[in-house]
Structures are given as structure tokens and as C-alpha cells.
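Please open the model in your viewer and keep the selection panel at hand.

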Amino acid sequence: MALRLRPYRIHDEAAARVAHHELLADGFHFLLAADEVSWPSFLAANERQRHGLGLGTDQVRGVQLAADVDGELVGRTSLRFSLNEFFASRGGHVGYAVVPRHRRRGYASEILRQSLIILRAEGVERVLVTCDETNVASARTIELNGGVLESTVEFEDERLRRYFIN
């Protein structure tokens, strides 16, 4: 598969913002915090977070990467190289998304597979991945990548499935 994970670039702004607005209809934030800042500021903040520089109390070292197929943005992954209380209970080490018009092509599974390689290279041996209990496609993707269901937990008005991948 030609999909590759890479850092966002300056010319990705329009496609990333379109993807963000498309996924908001699903209640999902494609770009984390990008609505609040200019695109160059978002790119700089993403790089600082990758290196663990100037992190807020609610942040951990990690990175958000674009999922690119032949120059087209088809999705993204958000990787956390360590977990704070929030990510340990709810968010996990990886959050991935595929733009709706690119779904059902195996991209989610490939994004997660490549995310696992990056996390392992950063020293994460046991990867926590969560998904909404009703998101059958995501649960299947996680299981196809070796995820073992640890528990189902309730947060506010949602139930999450918690998986670990060794």
C-alpha cells in the first residue's frame, strides 16, 4: 500500500482543514487545536510536542502525522509516547482517523500498523488504543492489528472499548 505517515507540511493546510470539518460531523476532531491558531503556529506546536518542549500540564510528548496516499491527505494519526491520567484512562497512545470519502480501503488498518512501528521506535512496548463501543469498524481495525480487549468503560455519555497491543 502506498500510504505513508509523515509530518504535516505548509501546503497541507487546505486539505487538513477540509478533513477537519468533514469529521466534525462525526463528532471527531481531525486536527487537534488547529482551529485556535494559524497553520504555521500549528506546525510549530506539533514539532515542539514531538520533542517534548514547552508542554502544558495536559500534554504529553507525541506527534500528529498526516496519512498520505500519492500526495493526497486521506487521514491522520495522533501518537502519544507516554500517557498522563487522561490518555491512560480514555485516549490511549494512538488516535487515528480516515477522511470519510477515503474509508473502506484499508487505510485505517495501515495507519494503525505504521503508528505501532513509530510507537515501538519511541520505546512504547504495550500500546493502549481505545474506541467508542459502537464503532465496530475501529474495533475490527484494532483487533486486526493485534489488539486484545481489556475492558469496556463508561465516560460521561459514552462507552469506550480499551485494547492493548503488545
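What follows is a list of stops, each with something to select and a description of what is there.

Before selecting anything, note that this is a predicted model, in which local features need pLDDT of at least 70, side-chain atom pairs count only at pLDDT 80 or more, and totals for chains, interfaces and linings use all residues. Residues are numbered from 1 along each chain as its sequence is written, and side-chain values use heavy atoms, with hydrogens and water left out.

**First sheet**

Select the four strands of the open sheet ordered E1-E2-E3-E4, whose pairing is antiparallel; strands here are DSSP runs (E, at least two residues) and helices are runs of H or I with at least four, numbered from the N terminus, while two strands pair if DSSP finds at least two bridges between them. At its edges stand strand E1 (3–6) and strand E4 (94–98), each pairing on one side only. From one strand to the next, the twist averages 20°, with axes being lines fitted to C-alpha atoms, for helices over the stretch in contact, and angles running from 0 to 180 degrees between N-to-C directions.

Next, select residues 62–69 (E2) and 72–80 (E3), antiparallel strands joined by eight bridges, and find Gly 62 opposite Arg 80 of E3.

Move on to the open, antiparallel sheet of three strands in the order E5-E7-E6. Strand E5 (127–132) and strand E6 (148–155) each have a single partner strand, so one side of each is left without a neighbour in the sheet.

Finally, select E6 with strand E7 (residues 158–165), an antiparallel pair with seven bridges, where Thr 152 has Arg 161 in E7 as its bridge partner.
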